[in-house]
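New notebook, new structure. I'll jot down what I look up as I go.

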Amino acid sequence: MMCALALLLAALATTPAQAEWLSRSVDGIMGTRIFVELWAEQGAQDKGERAIDAVMDEMRHIDDTMSTYKSTSEVSRVNALAASQSVPISPELFKLLSTAAEYSRITEGAFDITYASVGYMYDFRAHKRPTEEQIKSALPAVNYRHVLLDAKTSSVRFAQPGVRIDLGGIAKGYSVDRGIEILQARGYTHALVNAGGDSRVIGDRLGRPWVIGIRHPDHADQVITRVPLVDAAFSTSGDYERFFDENGVRYHHIIDPHTGHSASKVRSATVIAPTATRTDGLSKTAFVLGPEEAMRIYNKLDDVDAILVTPDGHILYSKGLEPGGTQAAPATAAAPAPPITPPATSVGSPTVH
């Protein structure tokens, strides 16, 4: 009896009593909701709250540096000056611009931060879009090769007038990675950082994987497929984030850099990879290239998987997520789902459990 009691007390002593998941969400940073969740050990709740504070501070810093909606941001300064002169930039922005150029090459130009040369003329809240003449006039400025980086001077310039850049297609993923780096540096091994449609998890949920559920395009309370993840990132892009409908046409924020119009070759694209910068930079590809060409690119990348919803309502999986497929990315096979019925009026973001 005494032996059993001693074993029980020993077990209780090693159990993380009062340990808990801490979480917080903040709206309005980078135009979206930021959510952080982490596992705080016994007596370390205050430390956990300070860690979340640090993540939120980093998110605000990135927003202040890279937002095109803030005239004082570094990106706004580049847009104002780089067509006429070389502009010295921070190592952080230089590195992210270099990364953006890499994803432009990987996606064969489907990802292009100079889409903003046309994209700035859209105002989705005001239901405003450019005319065909305006698009035609601005389109020559859309080409990622117009962004010239000089590593020796850590500067950037644009090859011609009219070029603008917008890092909205990669900065949120980058901010998620920075948040994870902050948590890892403070010793956290089980956590989630989410910025809109971009998320990354470290570790598992204490013995079980994190599970992402991609919602049905027509019904926000229904899930079309689920994917369990450990130590992975994922991004979902869709035409639901910023849009307006006019005469049966949806105008949304994912702009085809080849046409200057909203890209609509898929309805939803979820990409899974080791980092959120990577998933964010690759998730728009399918909207521009279409599901077949996008899957060709995804399947060439050993650390990437994807789930696409086509305009006719079918769900497509990359080779690593197909039943019986070899899993390259840190995820297990997705739960299969039947085709869904188009058309969609909105597309849901992933839910995480």
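Which residues does Thr277 touch, not counting residues up to four places away in sequence? I find Thr99, Tyr103, Ile170, Gly173, Tyr174 and Asp177, where contact means heavy atoms within 4.5 Å.

**Ground rules.** I am reading a predicted model, where local features need pLDDT of at least 70 and side-chain atom pairs count only at pLDDT 80 or more, while totals for chains, interfaces and linings use all residues. Residues are numbered from 1 along each chain as its sequence is written, and side-chain values use heavy atoms, with hydrogens and water left out.

**Confidence.** I looked up pLDDT, the predictor's confidence in each residue, from 0 to 100. The chain's mean is 87, and 86% of its residues reach 70 or more. Over residues 1-17 the pLDDT is below 50, and beyond near neighbours in sequence this stretch has two contacts in the model. Residues 325-350 also have pLDDT below 50, but that stretch has 86 contacts beyond near neighbours in sequence.

I place Thr277 in helix H8 (residues 276-282); helices (H or I, at least four residues) and strands (E, at least two) are DSSP runs, numbered from the N terminus. Thr277 is buried at a relative accessible area of 10%; buried means under 20%, exposed over 50%, and partly exposed in between, with a 1.4 Å probe and protein chains only. Its side chain and that of Asp177 are joined by a polar contact of 2.6 Å. For that term I need a pair of N or O atoms within 3.5 Å; within protein, one must be able to donate a hydrogen and the other to accept it, and residues adjacent in sequence count only if both atoms are side-chain atoms.

**Helix H7.** Asp177 is among the buried residues of H7. How many of the 15 residues of H7 are buried? I get eleven, so H7 is largely enclosed by the rest of the structure. The cover over those buried residues includes strand E2 (32-40), helix H2 (45-66), helix H4 (91-106) and H8. After H7 comes Gly187, with a positive phi near 95°.

**Aromatic pairs.** I count rings of Phe, Tyr and Trp (its six-membered ring) as a pair if their centres lie within 6.5 Å; planes under 30 degrees apart are stacked, over 60 edge-to-face, the rest tilted. That gives five aromatic pairs. Trp21 and Trp210 have ring centres 5.5 Å apart and planes at 75°, so I log them as edge-to-face. Trp21 is in strand E1 (residues 20-29) and Trp210 in strand E8 (residues 210-215), so this pair ties together parts 189 residues apart in sequence. Trp21 is partly exposed at 22%, while Trp210 is buried at 1%. For Phe244 and Tyr251, the centres are 5.3 Å apart and the planes at 25°, so that pair is stacked. Both rings belong to a cluster linked by ring pairs, along with Tyr122 and Phe124.

**Arg205.** What sits over the ring of Trp210? I find the charged end of Arg205, 4.8 Å from the ring centre. Arg205 also lies over the face of Trp21, at 4.5 Å. The rule is NZ of Lys or CZ of Arg within 6 Å of the ring centre and within 35 degrees of the ring normal.

Most residues other than glycine have a negative phi. Met30, in the loop between E1 and E2, has a positive one near 55°. Leu206, in the loop between E7 and E8, is also positive, near 55°.
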